[in-house]
Amino acid sequence: MLNVPSQSFPAPSSQQRVAPSGRNKVSLKPGRSLMDWIRFSKSGRDLTGLRGRLIEVTEEELRKHNTPADCWTCIRGMVYNVSPYMEYHPGGEDELMRAAGTDGTDLFDQVHRWVNYESMLKECLVGRMAVKASTSIKAQLSTDKQTSPVNGLPPAFPTLVLKPPSSAALPKPLPPPTPKDTRPRFDWFQTEAMVNVVVYTKRKIPNSGCAVVDLQGGTLRVEVVLGKLSYLLHLRLSQEVEECIAMQTMSTVGKVQVSLRKATRAKWDRLGEPLQSHDSFLRRKDRGVFYRECTLASKMDVTHDTRLFGLRLPHGTHMQVPVGRHVYLRAPIQGSEVVKPYTPVDSTLMSQSLASTEREHANVFLMIKIYPDGALTPHLDALNIGDSLSISGPEGPFTSRLLCEVTHLFLLAAGTGFTPMARLIRLSLLDLAPLRKAKLLFFNRKERDILWRSELDTLAGREERFEVEYVLSEPSDGWSGHRGRIEATMLSDFLSSPEGSKRLVCVCGPAAFTVLAQGMVCELGFSEEEIHAFQG
C-alpha cells in the first residue's frame, strides 16, 4: 500500500477520478492489458521512431514532444517515447500527459515508484538527457564577466579601496559556529570469533525496522533508513563468515550493530573491499530498490479468492517491516519483470506479545487477493511451496510517530485495504498506553469477502477497547449489519469521540474509496494532521 500524495492526484479532470469501478484504473479497450503491452513491446516494432538509434536529448528538444501522438518524458535522466503506451496505461491518457515534454521523475515517484519502468518501457527508450553546465560554473563565469576588463580596457570607474581601522580598535570577532555533522558513519571491531559492524546514525531511531541486512556470497549490504534518507554500507568481506546474523538496535543513542561469526578464528586486517554506493547517504527515492530472493514457505486460504502467503527470507537476511510499510514483489512473466506493492500482515491478527512477532523476522506474510486477469496474482497463486520470489525492503512514509498520544484510532478499510489496518490494530492495543478506543469500519461486497472476520469478532468480544463494524454493498437477505456504501451519516456516528480526544483516522482501499472517505472525514471537522491515507 502506497501513501496517497498530499497534492491533487489524480488530476481533477482525469478519468481516473470518476472510474465507476472504484479501482485506480480507467476502462481500457479490449486487448490493452499489461500482458498485451508486454507482447506488443516485444513484437519488434519501432516504438521510438528512431529506428533503434539512441540520442542525447536537450530540454528544448524534450519540450517539443508534448502531444498524445508524440509524447516524450524523462525519468531519472532517461527519455522515453510513451505515445505507444498511451492506450495501455491503466491510469489513462490524462495522467501520462501530465509529464509530457518534461521531467516526470517526481510525478512518477509519487504514485508509481514500485513500477519497473525500465523493463516496461525498454523498447520506448529514446536516449539520455543532455547534461547542462553546472550552475556553479555559470556563476563563476558570471563573476568573471563582472570583474574582468572588457576588450582589454579597464573598468570605466576606478575601484575605491577603503582602509579599515586598526585591528586594535575592533573587537575580536566570534568564531563561526561549527556546523553539526549529522551524516552517519560506521566503524568495526573484532573478537576472536566475531566481527562487529557498527553504524552511528547520530539521531534517535526506532527500536526495530529501520535497518535491513543482507549477506549474500561474502557480500555484506546494510541499509539504514532515516526518514526520507538512506545510509548504505556495501562491502565484499575480506574473509568468510557464517550465514547467521545478529542485529542490535540501540534507539536512544542511534546505533545499529551487526554481528557476524567468523568461519575461522583468525585476525582480520581489514573489513573488506568497498563496492558500489558504499558509505553513501542519499535520499531514499534516489536509491534504487534492492531485492533479495525468498522462498514460498506457506500458502493458506483466507477467503474464496484471497490467500495468506508466507515468504521465508534468506538465511543471510535480517529484515523487519515496520507497521504501515509495504514491500514490492517482483517476478519474471513472459520475458518482463512485473512488480507490485503489498503490505505485510502478521501470521495471525493478535499474537501474545510484540516479542512473538520479533521472532518472525525470517518470514514475511502477505494477504493477497487473486485476480484471474491480474498481471502478477495468477503467477503467485500458481507457486508451489519452495518456489522463489524476489522481495524488496520496507517502503513507504508511514511512521508510528503518528500514533503518539492518540486516544481514539479510527480505521476505514475496503477490501484488501484491511492489510495495513491488521498490524495497526495489534500495535495500538498492545503498545499504545493512552489508547481508549480503536474502531474498524470494514467495507466489502459480500459476507464471504470479509477478511479474518472470525478473528476480528473474537478480538472485539474480549477487548473492550476494540470495536468492528461491517458494511456490505451486496448483502444477503439475512444480513443484519450495515448496508450500502460509505456515506457521511454513517461516518458521523462512527467517528464520534469525547471532547479533547487525540484522534487519528486511517483510510485504505481502492482509489475512489480513499478519496471519498478523506473528503467526508475532512467535512466532519478533522484536520489533515488527523488523517492518514494509504493508497490501495
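Guide: What follows goes through the aromatic contacts of this predicted model. The search of the whole structure gives eleven aromatic pairs. Take Y231 and F281: their ring centres are 6.4 Å apart, inside the 6.5 Å limit for a pair. Their planes meet at 70°, and an angle over 60 degrees counts as edge-to-face, so this pair is edge-to-face. Y231 belongs to strand β11 (residues 229-237) and F281 to strand β15 (residues 280-283), so the contact ties together parts that are 50 residues apart in sequence. The two partners also have their own accessibility values: Y231 is buried, with a relative accessible area of 0%, whereas F281 is partly exposed at 23%.

The pair of F418 and F442 has its ring centres 5.1 Å apart and its planes at 20°; the angle is under 30 degrees, so the pair is stacked. This pair links distant parts of the chain, 24 residues apart. F418 sits in the loop between β24 (408-414) and α9 (419-431), while F442 is in strand β25 (residues 437-444). F418 is buried, at 0% relative accessibility, and F442 is buried with a value of 0%.

Aromatic residues also group beyond pairs: W37, F40, Y85 and Y88 make up one aromatic cluster.

The charged end of R330 is placed over the ring of Y291, 4.1 Å from the ring's centre. K439 lies over the face of F494, with 4.8 Å to the ring centre.

How values were computed:
Residues are numbered from 1 along each chain as its sequence is written. This is a predicted model: local features need pLDDT of at least 70, side-chain atom pairs count only at pLDDT 80 or more; totals for chains, interfaces and linings use all residues. Side-chain values use heavy atoms; hydrogens and water are left out. Rings of Phe, Tyr and Trp (its six-membered ring) pair if their centres lie within 6.5 Å; planes under 30 degrees apart count as stacked, over 60 as edge-to-face and the rest as tilted. Helices (H or I, at least four residues) and strands (E, at least two) are DSSP runs, numbered from the N terminus. Buried means under 20% relative accessible area, exposed over 50%, partly exposed in between (1.4 Å probe, protein chains only). A charge sits over a ring if NZ of Lys or CZ of Arg is within 6 Å of the ring centre and within 35 degrees of the ring normal.
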